[in-house]
Amino acid sequence: MGDSLEKTKSILSVDTCVDWRGRPCNSNKHGGMGAAAFVLGLQAFEMMAIAAVGNNLITYVYSEMHFPLSKAANVVTNFVGTVFLLSLLGGFLSDSYLGSFRTMLIFGFIELSGFTVLTVQAHYPGLRPAACEMGSSGEGDECEEAKGYKALMFFSALYLVALGSGCLKPNIISHGADQFQKQDPTQFKKLSTFFNCAYFAFCTGELIALTLLVWVQTHSGMDLGFGVSTAAMLLALISLLSGASFFRNNPPRGSIFTPIAQVFVAAFTKRKQICPSNSEMLHGSHNGVVKLLHTDNFRFLDKACIKSEETRGGTREESPWKLCTVTQVEQVKIILSVIPIFACTIIFNTILAQLQTFSVQQGASMNTTLTNSFQIPPASLQSIPYLILIFLVPLYETAFVPLARRLTATDSGITPLQRVGTGLFVATFSMVSAALVEQKRRHSSNLSILWIAPQFVIFGISELFTAVGLVEFFYKQSVEGMQSFLTAMTYCSYSFGFYLSSLLVSVVNKVSGGGSGGGWLSHNDLNKDRLDLFYWLLAGLSLVNFFNYLFWANRYSQLVAP
């Protein structure tokens, strides 16, 4: 699916990459998996740093900042949502003005400053509300919630981290993928392997964060835990700087939004024109520099490529706001075509939001004791899928892909769209498992925390398919100058998923409470809440979303078919 679109991008494409000094790249020195390894180091350390904060943040916000449970959950989902929404800014700045390397360097240090401020606040008691036991015998209602300069310091630090990480994330993937020349078929085939390696680095960082770093936070204090995250972020920047002399860098090409806006303005200006039946008559279709072939979808945009009579007669040139090239128009068509695919992954990330918020609190209300001397920190349960995926990702690459390749004749085994769809289907069963376990927990006084492990395992498997497939799909649909921005759309899906989670919590509380304030998720006590019903609602939405995805994926495949 989409293979024909990828082939059109190689037509007369020229390698314009430069080294860190702006000189043309040397294929023997720059790029390849060796250079990408430094990017993978950045990915692992940065993920380690932010995952340790994000995945246990609800505990800190609830226990130390004294926000009510539902408000604390929304603080976390809004933070994570903002991280991924800001990826669009990072992608835009990279493609338009800074380039991916400089963008990562600048915002990496911004993220580092946020971690530092969080560490300082967690270390000094005077910068936090007075110590108080939340949710204990009703005393939680009397705890002082963080306000004034304490809240300002906390949210400033948190959103410095969000700004840095958000602008960093899309560039990590796109910069790593840029190390492989699209003009070289042998190197281009390694892209799928790189995306799997990037996910392996992601899983490694998550696993260390959710085991070692969460254990440090739980047993040695959040200040030391945040301090370790700060050190991990510093190592991430060292990894990035170490690879500077080996990187292939795509130079920025000016505002990526201007050519897009020109297409819409030109198409609207010439809305009364009739598109020629022969696409060769469109501007830029045979001038020797076309990088995208003409397609028949969104034909109304082709009007932007129709020359006026004066232009055809050679008497004058038209403004770029009135006449665009086929490549410009096809670039806009790509963006419009992938939006429905992007939208279908939002519910998937809403499920992820539950595993980082309510599922952590669900585990905290269960029996966390494994032995007389060892207890599982609830946030560490999120390490289970990554522990499994540490083994599954190499197995996927070395066993599944070669087998599937023989059956499908596709370089990556299955297409990115097929991979995304598989993950969306599997994710539904994560919420089914969560709902069943919550029902059992409500009627059991000493249920082991290990009962909620399956919901994390199932979602981890689904993420192996959907998360990697979506990144690969978006990067392969991008054209020169838009790699980081289109990759950022992948992370934007995470953002909308987490924002939708916050919205769903508020709506569900309002609807289920019937104005009485007794909604499914309105208490600070899960024994009084109906988290199981909320999970069932998400399972139903996920299943409906899967069938919606099948429709749009099939339609997309028909649009790009040769």
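Residues are numbered from 1 along each chain as its sequence is written. In this predicted model, local features need pLDDT of at least 70 and side-chain atom pairs count only at pLDDT 80 or more, whereas totals for chains, interfaces and linings use all residues.

Six cavities of 30 Å³ or more are present in the structure. A cavity is a set of points, on a 1 Å grid over the protein atoms alone, where a 1.4 Å probe fits but cannot get out; points are joined across faces, edges and corners, and a volume is the space filled by probe spheres set on them. The largest cavity contains about 450 Å³ of space. Its lining, defined as residues with an atom within 4 Å of a point, comprises 27 residues, and M47, F84, K169, F202 and Y494 lie nearest the centre. Two or more lining residues each come from helix 2 (32–54), helix 4 (69–85), helix 7 (148–177), helix 9 (191–220), helix 14 (346–356), helix 18 (453–477) and helix 19 (483–513). Helices are DSSP runs (H or I, at least four residues) numbered from the N terminus. The lining of the largest cavity has 20 nonpolar, four polar and three charged residues, where Ala, Val, Leu, Ile, Met, Phe, Trp, Tyr, Cys and Pro count as nonpolar, Asp, Glu, Lys and Arg as charged, and the others, Gly among them, as polar.

Helix 18 and helix 19 pack with their axes 7 Å apart, at an angle of about 150°. Axes are lines fitted to C-alpha atoms over the stretch in contact, and angles run from 0 to 180 degrees between N-to-C directions. Helix 18 is therefore roughly antiparallel to helix 19 (an angle over 145 degrees). Their contact (heavy atoms within 4.5 Å) involves E463, A467, L470, V471, F474, Y475 and Q477 of helix 18, together with Q483, L486, T487, M489, T490 and Y494 of helix 19. By class, this contact has eight nonpolar, four polar and one charged residues.

Helix 17 (residues 416–442) packs against helix 18 at about 160°, with the axes 7 Å apart, so that helix 17 is roughly antiparallel to helix 18. The contact of helix 17 with helix 18 divides into 17 nonpolar, eight polar and two charged residues.

The axes of helix 4 and helix 5 (residues 87–98) come within 4 Å and cross at roughly 15°. These two helices are therefore roughly parallel to each other (an angle under 35 degrees). V83, F84 and L85 of helix 4 meet S87, L88 and L89 of helix 5; this contact holds five nonpolar, one polar and no charged residues.

Key:
Side-chain values use heavy atoms; hydrogens and water are left out. On a 1 Å grid over the protein atoms alone, a cavity is a set of points where a 1.4 Å probe fits but cannot get out, and a pocket is an open set with protein on both sides within 12 Å along at least five of seven lines; lining residues have an atom within 4 Å of a point. Angles under 35 degrees count as roughly parallel, over 145 as roughly antiparallel, 65 to 115 as roughly perpendicular and the rest as oblique.
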